[in-house]
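Work through the following exercises with the sequence and the structure in view. Each task is followed by a solution in steps.

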Amino acid sequence: MASEKVVFGTYTKRISKGLYTAELNTETGDLENITEFAELGSPTYTALSAAGKLYAVDKQGDQGGVAVVDFATGTIEQEVLAEGASPAYLAVDEARQLLYSGNYHKGTLEVFAIAEDGQITLTDTFQSEGSGPRPEQESAHVHFNNLTPDNRVVVVDLGADKVYTFDVSAAGKLSLVTTFETEPGFGPRHIRFSPDGQYAYLLGELSSLLSVLKYDAATGSFTLVQTVSTKPADWTEHNGTAALRVSDDGKFVYASNRGHNSIAVFAVSEAGAHLERIQLISTEGDFPRDFALDPSQAWVVAANQNTDNVSVYRRDIETGLLELVHKDIAVPETVRVEFI
């Protein structure tokens, strides 16, 4: 049987115990051998390093932070905790051996140096500032941080309607290069780049909008090109977008809708500059915070947080369209899907 390993990160507010693993059968789309991997407080995001360390969001009582888990054994090797809320996003920088952690509630980006044994030490902190017109934008809310194609760091602030670009030193020190501001109330949550690095796709959680940005590697700056909606024009109930993915060939972009409870599929044209929505497909559950394309790009796994279920789709690599194969696969409080 050909299979691929999946890690599920979860909240542990109701029935989940922490991190779970499973195997996706790439012939049938079955999700098999779903097992509890590591008991941890609300590991809502994960990032696996090339050295086999799984960095996971961690929460213990009134403290939040990052846990270092040995992926081979499930052993928790380190917990770096501080007073207050847990981070929302983690990303590994293999070239510089750094870990980036974005904290939604604190509005911060933290940088950690990764030692040879995989353990982490704080090297720098950036405090974002600002607010927006919507009720959820009373202060800065960093929701995403990751590398740009040219190895800068991009940080997305939902509360301040800002996207920051940083240079990072080998020692893990940040220096701000540029700041891009969205339209007021856009509520940016995630950003992904086209494979050639020429364009970026910025997802607005609060606005249910997806923007195409031109990326200038010379200056680290962004320019708005196009904006499209992730939901039907006649949808009047609450919706908040969540996860954003780009196919490896750059021909399709995918975004999840929480409220409409769907995945929006967009076809890419004009060398990355233009998006057209070509499909909206139900996630067969409530509040799909994350989903992922598998390494073969032939399958998509979507997790529904509130209904504790996972759905699996067959993906047509040529058309980008999704076809439901399985639903109601039980995984508790799932909010992160990471293929290994």
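**Exercise 1.** How many residues does the largest nonpolar core of this predicted model have, and which of them have the most contacts inside it?

Solution. 
- Step 1. The largest nonpolar core has 28 residues.
- Step 2. Tyr55, Leu99, Ile191 and Phe222 have the most contacts inside this core.
- Step 3. Next, look at the strands. At least two core residues come from each of β5 (53–60), β6 (63–70), β8 (89–93), β10 (108–114), β13 (153–157), β16 (188–193), β17 (199–204) and β18 (209–216).
- Step 4. With four residues, β8 gives the most to this core.
- Step 5. In general terms, nonpolar side chains tend to be buried together in soluble globular proteins.

**Exercise 2.** With which residues is Ile191 in contact, leaving aside neighbours within four places in sequence?

Solution. 
- Step 1. The contacts of Ile191 include Phe144, Val154, Val156, Val163, Leu213 and Leu244.
- Step 2. Ala200, Tyr201 and Leu202 are also in contact with Ile191, as is Phe222.
- Step 3. A separate, second core has 16 residues, among them Ala22, Ile329, Val331 and Phe339.

**Exercise 3.** In what order do the four strands β4, β5, β6 and β7 stand in their open sheet?

Solution. 
- Step 1. The order is β4-β5-β6-β7, and the pairing is antiparallel.
- Step 2. Each of β4 (46–48) and β7 has a single partner strand, so these two stand at the edges, with one side left without a neighbour in the sheet.
- Step 3. From one strand to the next, the twist averages 20°.
- Step 4. β6 and β7 are joined by seven bridges. One example is Val66, whose bridge partner in β7 is Val80.

**Exercise 4.** Is Gln78 buried or exposed?

Solution. 
- Step 1. Locate the residue: Gln78 belongs to strand β7 (residues 76–83).
- Step 2. Its relative accessible area is 16%. The cut-off for buried is under 20%, so Gln78 is buried.
- Step 3. Not counting residues up to four places away in sequence, Gln78 touches Val66, Ala67, Val68, Gln119 and Ile120.
- Step 4. At 2.8 Å, the Gln78 side chain reaches the backbone nitrogen of Ile120.

Conventions
Residues numbered from 1 in each chain as written. Predicted model: local features only at pLDDT ≥ 70, side-chain atom pairs only at ≥ 80, totals over all residues. Heavy atoms only, no water. Buried < 20%, exposed > 50% of the residue type's maximum accessible area, 1.4 Å probe, protein only. Polar contact = N/O pair within 3.5 Å; in protein donor to acceptor, adjacent residues only side chain to side chain. Contact = heavy atoms within 4.5 Å. Core = buried A, V, L, I, M, F, W, Y, C linked by side-chain atoms within 4.5 Å. Pairing = 2+ DSSP bridges. Axes fitted to C-alpha atoms, helices over the stretch in contact; angles between N-to-C directions.
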